[in-house]
Amino acid sequence: IRPPLGPAALALWAASPRAVSGAYGLWRSATAFARRRPVRTVEFLQGAVLLLRREAFDEVRGFDESFFMYGEDADLCARLRDAQWEVVLCPDARFVHVGGGSTGRNPERMRIELLRSWLRLIAKRKGMEEAERARRWLLLALRLRALALRGTRERAAAGWLASGGVGDLLTLPR
């Protein structure tokens with residue numbers, strides 16, 4: 001699984017998360033047979049079920065605390081790969097993660113934190129210029145989605161994205 005680090009891919013996801021998730025689900029179903037290998041290297045794993053060697057975690061200095069919520073797992077896995085550690089998926093492992101426990105309390109704020117985290121990850125991995133490009137794409141996508149759906153969450157997220165450049169948005173207090 002790969003986080004949407006390109007500005008256009010991120011904007012497409014923001015504009016139509018259900019359609020993108022649905023297409024991803026179809027792709028996952030269609031390629032299920034190929035994924036049944038016992039163990040394989042992947043780009044990143046979800047932090048809810050991440051098991052690490054202590055040596056690897058210490059070598060990359062653990063989680064980056066500048067991530068409030070979301071994206072810290074993708075960042076950690078990228079830094080592990082940079083340090084020549086393998087990120088491996090064991091498809092036979094099973095877990096239950098009750099998602100949405102934190103987001104359900106304040107969905108508008110959590111949507112903004114998700115966007116902030118993806119922008120932070122893009123800035124960290126690809127630079128501020130690419131993160132600014134992603135901010136502009138996201139702003140356009142969310143404004144279009146807000147018009148189409150008359151959605152408050154989209155308007156709030158678009159308003160946040162319009163409130164400053166990516167450098168400002170990444171340094172604003174939570």
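**Salt bridges and exposure, checked against their cut-offs**

Modeller: Arg54 and Asp58 both sit in helix α3 (residues 54-59), four residues apart, which is about one turn of the helix; helices here are DSSP runs of H or I with at least four residues, numbered from the N terminus. The model is predicted, so local features need pLDDT of at least 70 and side-chain atom pairs count only at pLDDT 80 or more, while totals for chains, interfaces and linings use all residues. Residues are numbered from 1 along each chain as its sequence is written, and side-chain values use heavy atoms, with hydrogens and water left out.

Colleague: What makes Arg54 and Asp58 a salt bridge?

Modeller: Their closest N and O atoms are 3.1 Å apart, and a salt bridge is a side-chain nitrogen of Lys or Arg within 4 Å of a carboxyl oxygen of Asp or Glu, so the pair Arg54 and Asp58 qualifies.

Colleague: Why is Arg54 called exposed, and Asp58 partly exposed?

Modeller: Exposed means over 50% relative accessible area, buried under 20%, and partly exposed in between (1.4 Å probe, protein chains only); Arg54 has 60% and is therefore exposed, whereas Asp58, at 42%, counts as partly exposed.

Colleague: How do you know that Asp82 and Arg125 form a salt bridge, and what does the pair tie together?

Modeller: The closest N and O atoms of Asp82 and Arg125 are 2.8 Å apart, which meets the rule. Because Asp82 lies in helix α4 and Arg125 in helix α5, the pair ties together parts that are 43 residues apart in sequence. Asp82 has a relative accessible area of 48% and is therefore partly exposed, as is Arg125 at 34%.

Definitions and conventions: Helices (H or I, at least four residues) and strands (E, at least two) are DSSP runs, numbered from the N terminus.
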